[in-house]
Amino acid sequence: MNLLSHPSYDKASPEKRALVCNGCGAAGAKFDFVPDTIWGLPIREACFRHDWRYSIGITEQEKFVADLEFLNNLLILINDAKGFTATMLRIPRRRRALKYYSMVVSFGDSAFWAGK
């Protein structure tokens, strides 16, 4: 898997990652209404890397990079998926990826700035 990430993500232990990375959706949300899949395609790893970037970022530019990297990782997962179903769902999955991206751009500020 050739997903983008901050170098510190790759160096972190699984235990350290587990403290930061909760998957798709806001940590501590009352309801987990954000799926970890897009039309059946697992995207949790892209969400983990996005969580990590949010945890280490301290500037508006770093939030921008985190969100853009998230979109790129979603598109990598979508484009790398193989098989007939993957081909048939490529366009709807890309559209959904853009929705995930627009949601973190529009509503991710509180998660990004939490504890900073």
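**Group meeting talk: a walk through one protein chain**

Hi everyone! The secondary structure of our protein chain comes to six helices and two strands. Please keep in mind that this is a predicted model. If you follow the sequence along, the elements come in the pattern α-α-β-β-α-α-α-α. The radius of gyration of the protein chain is 14 Å, close to the 13 Å that the globule rule gives for 116 residues, so the chain is as compact as a globular protein of that length. As for its dimensions, the C-alpha trace spans about 45 × 30 × 25 Å along its principal axes.

How do the contacts run along the sequence? Taking those between residues at least 6 apart in sequence, 71% join residues at least 24 apart.

Let's zoom in on helix 3, residues 44–56. At 1.5 Å a residue, its 13 residues should span 18 Å, and the end C-alpha atoms are 19 Å apart, which agrees.

Which residues of helix 3 are buried? They are Ala46, Cys47, Phe48, Arg49, His50, Asp51, Trp52, Arg53 and Tyr54. And what covers them? The cover includes helix 1 (7–11) and helix 2 (14–20), along with helix 4 (60–80), helix 5 (84–107) and helix 6 (109–113).

Definitions and conventions:
Residues numbered from 1 in each chain as written. Predicted model: local features only at pLDDT ≥ 70, side-chain atom pairs only at ≥ 80, totals over all residues. Heavy atoms only, no water. Helix = DSSP H or I, 4+ residues; strand = E, 2+ residues; numbered from the N terminus. Rg over C-alpha atoms; globule rule 2.2 N^0.38 Å. Contact = heavy atoms within 4.5 Å. Expected span 1.5 Å × (residues − 1). Buried < 20%, exposed > 50% of the residue type's maximum accessible area, 1.4 Å probe, protein only.
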